[in-house]
Amino acid sequence: MSAITTQERIAEALLQVKAVKLQPDSPFTWASGWKSPIYCDNRVTLSYPEVRTLIKTELAEAIRREFDAPDVVAGVATGAIAQGALVADLLGLPFVYIRPVAKDHGMGNQIEGELPAGSRVLVVEDLISTGGSSLKAVDAIRRAGCSVLGMVAVYTHGFPQAEQAFAEADVRLVTLSCYDAVIRQALATGYISAEDEALLKEWRKDPAAWTGKK
């Protein structure tokens, strides 16, 4: 029997703590209005020390393995603030986090923390959907006079539009797990049936137009 991959191990952990939920018969509604048979909230993992440590360790290892040494780690608010801080602590690096927009009061910051101009920044994200909010953080870092080495994320839905957006923004993305790995693990453990697997794969082809189980 082949050894379990990192993608599958993370997928298994996300399913176990219900950070990822699959409901083909009762779809979720995303903020975008899309109907979806899957919902991912990786903040749940913070409540489980074993899973939290696994994710922190694997994110840090991905940074060491895949990127040149960064000067600063940046987390994307709000979902990746905690993950990013944990990773920065493990790597012994400074940490900042990036708001979606600048505050309309106080100092008016979009970047919270000290980010010296010229810093080489590695961005941490919890979830990649279309990539829009993640790349807004990249834009903010670049406007601050810093370079972005790349981004690591816990999970991606693997939408083609996200892959295109990251390519156009010239941002290298490395993720610990993905939609396909979650579906494989869910099927292997009996969480979903073969019929559910077919429906989940159908949804991913055109999530904006998907309306639910026929």
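This is a predicted model: local features need pLDDT of at least 70, side-chain atom pairs count only at pLDDT 80 or more; totals for chains, interfaces and linings use all residues.
Biologist: How many aromatic pairs does a search of the whole structure find?

Modeller: The search finds seven aromatic pairs. In one of them, Trp30 and Trp203 have ring centres 5.7 Å apart and planes at 80°.

Biologist: Why is the pair of Trp30 and Trp203 called edge-to-face?

Modeller: Rings pair if their centres lie within 6.5 Å, and planes over 60 degrees apart count as edge-to-face. With 5.7 Å between centres and 80° between planes, Trp30 and Trp203 are therefore an edge-to-face pair.

Biologist: Which parts of the chain does this pair link?

Modeller: Trp30 lies in the loop between strand 2 (28–29) and strand 3 (35–36), and Trp203 in helix 7 (residues 194–205). These distant parts are joined by residues 173 apart, and both Trp30 and Trp203 are buried.

Biologist: What makes the pair of Trp34 and Phe159 edge-to-face?

Modeller: Their centres are 5.7 Å apart and their planes stand at 75°. Since edge-to-face requires an angle over 60 degrees, the pair of Trp34 and Phe159 is so described. Trp34 is in the loop between strand 2 and strand 3, whereas Phe159 is in the loop between strand 9 (147–156) and helix 5 (160–168), 125 residues apart.

Biologist: Why is Trp34 called buried?

Modeller: Buried means under 20% relative accessible area. Trp34 has 16%, so Trp34 is buried. Phe159, at 0%, is therefore buried also.

Biologist: Which residues do ring pairs link into a cluster?

Modeller: The cluster consists of Trp30, Trp34, Phe159, Tyr179 and Trp203, linked by ring pairs.

Terms used. Residues are numbered from 1 along each chain as its sequence is written. Side-chain values use heavy atoms; hydrogens and water are left out. Rings of Phe, Tyr and Trp (its six-membered ring) pair if their centres lie within 6.5 Å; planes under 30 degrees apart count as stacked, over 60 as edge-to-face and the rest as tilted. Helices (H or I, at least four residues) and strands (E, at least two) are DSSP runs, numbered from the N terminus. Buried means under 20% relative accessible area, exposed over 50%, partly exposed in between (1.4 Å probe, protein chains only).
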